[in-house]
Every structure is written in structure tokens, then in C-alpha cells.
Amino acid sequence: MTEINLLDRYPRSRRPIAAREASVPRERDVARRFGREYFDGERTQGYGGYRYDGRWVPIAERFRDYYALTGGQRVLDVGCAKGFLMHDLRGVVRDLRVFGLDVSAYALENAMVDVRGSCARGTADILPYADDSFDLVISINTIHNLDLDRCKQALREMSRVSRLHTYVQVDSWLTEEQHENFERWQLTARTYFAPDGWRRVFDEVGYTGDYYWTLTE
Ligand SMILES: C[S@@+](CC[C@H](N)C(=O)[O-])C[C@H]1O[C@@H](n2cnc3c(N)ncnc32)[C@H](O)[C@@H]1O
């Protein structure tokens, strides 16, 4: 179990917190449906346009190198959205077998064409896969959208279906300013803690995989 930021090559951008803050209470229900508005609606409702632009390529390379991924291995992305990371993992590891799961029908209907057939609609806390099905199970910015009991179950499920590695990234904060920014910005998260709180949850459910935090700057 290692605290490691495998998204350290993700472009950093300052979020327009003040512009979103006032509309957060109004937009929360819409965002939590994870439909078109969340991905491709206004920035106050979610991403404000979730389009492929290659930004996941260096992250896919980071996962490849850190976990020494090779062709023939099986990787699952829980909360795969439109499959951008899946697409780029296939691009950087020849013959990698990549699968995805997401609750959003809209995201899956609009997923990258090359991975769409490997995506399933479902929820992170009930993974439709046998024990030890994957060499690596990734979940980025997804399981904090579940309430605490289901979030814990999602961690157990990730552990159950992985035979080797797991990596989870969740909302958290390292400074009080990041905490305040997070509370003003976030639309969909239901479970969030400072790092110590998350580590207690990981211990309680027996999650022994790798992890890091999404920070609101
Ligand atoms: C912030 S987005 C992250 C997407 C992608 N992993 C990324 O980092 O760009 C959260 C994703 O979690 C999905 N999601 C929300 N609740 C979920 C659940 N219970 N099970 C699976 N996916 C879920 C949403 O549809 C959305 O695609």
C-alpha cells in the first residue's frame, strides 16, 4: 500500500471556484445524474465539455511504467466515463486488455469507439466480474461519489476483482485552503475526508492498494 500520485503528469489548472460556487446547491442534483449536463453542459454543472485531448497519454505511460504493464494483462477502470484512459492505455501498451465500468449511460454511449465494446454499465460497489479477474484495477475520482457504506464496498470490490494491483484516487485536501476550496467547488462527492480519514477507511475494509488524492487548488 503506497501513497503515490500517478496523476502527477495531469495538467494542473486553477478551477474557477468563485464562478461556480453560487450555483453549486442548484446544480448538484443535475450533476449527480451523470448525464449530458455533467459531462458536456455548462462548467457550473460539471466538466463543461469532456472531450478527448490526449491529456491522459502521460498518465497511461505512468501507469504502464509503475506497474510494469505488458501485453496480455487485464486492466479495469472503474468510473471510466468516456474511456479516455482506457484508450490511451491501449495506445501505450500493445495488446493490453482494457475494460471499463461506469454508471453513466451518456458517457458510455459517447465513449471512445475503440473501447466502447469493453465497457459495462454498472456501479462501483457491485462489480460484475469474478474474483481475481484483473492485473490492475484503477478508479479515479469515482468512489467518493458513493455514500460511505457503498464507498467502502467499492473498495472491497476493487480488491476482490484484482489479483495484483489497485490504484484509487479520491477527493481530499492537504491544506485548509484546499479544504475550503473543495467545499465551495464540489458537486457530486458524498464521501470525503482528510488523508487520515481515508487511511482509516482503507484499513477498515482491508484495502491494501495504492492511492492518492484529488486536491482542489
Ligand atoms: C469525476 S468523473 C471521473 C471520470 C474519469 N475517471 C476521470 O478521472 O476523468 C466521475 C465518474 O464516475 C462515474 N460514477 C459516478 N458514480 C458511479 C458509480 N456508482 N459507479 C461507477 N461509476 C460512477 C461518473 O459517471 C463519472 O464518469
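1. Which residues does Arg116 touch, not counting residues up to four places away in sequence? They are Gly83 and Ala111, where contact means that the C-beta atoms, placed from the backbone, lie within 7 Å.

2. The model is a predicted one: local features need pLDDT of at least 70, side-chain atom pairs count only at pLDDT 80 or more, and totals for chains, interfaces and linings use all residues. Residue numbers start from 1 along each chain as its sequence is written.

3. Arg116 lies in helix α7 (residues 113-116). Helices (H or I, at least four residues) and strands (E, at least two) are DSSP runs, numbered from the N terminus. With 16 other C-beta atoms within 10 Å, Arg116 is partly exposed. On this scale 20 or more such atoms make a residue buried, 12 or fewer make it exposed, and counts in between make it partly exposed, with C-beta atoms placed from the backbone. His87 is 29 residues away from Arg116 in sequence, and the C-alpha to C-alpha distance is 9.5 Å.

4. The chain holds 10 helices and six strands. Its radius of gyration is 16 Å, close to the 17 Å that the globule rule gives for 217 residues, so the chain is as compact as a globular protein of that length. The radius is taken over C-alpha atoms, and the rule is 2.2 Å times the number of residues to the power 0.38. The C-alpha trace spans about 50 × 40 × 30 Å along its principal axes.

5. Of the 217 residues in the chain, 38% are buried. Among contacts with a separation of 6 or more, 67% are between residues 24 or more positions apart.

6. Strand β1 (residues 74-78) has four of its five residues buried, so it is largely enclosed by the rest of the structure. Strands pair if DSSP finds at least two bridges between them. β1 runs parallel to strand β2 (residues 97-102), joined by five bridges; Asp77 has Gly100 as its bridge partner in β2. β1 also pairs in the parallel sense with strand β4 (residues 134-140) over four bridges, and Val75 stands opposite Leu136 there.

7. A right-handed β-α-β unit is made by β1, helix α5 (residues 84-92) and β2. Right-handed means that, with the strands pointing away from the viewer, the path from the first strand over the helix to the second runs clockwise.

8. The ligand is surrounded by 14 residues, the closest being Phe34, Gly79, Ala81, Ser104 and Ala124. A residue counts as near if its C-beta atom, placed from the backbone, lies within 6 Å. By class, the shell has seven nonpolar, six polar and one charged residues. Here Ala, Val, Leu, Ile, Met, Phe, Trp, Tyr, Cys and Pro count as nonpolar, Asp, Glu, Lys and Arg as charged, and the others, Gly among them, as polar.

Conventions:
Two residues are in contact if their C-beta atoms, placed from the backbone, lie within 7 Å.
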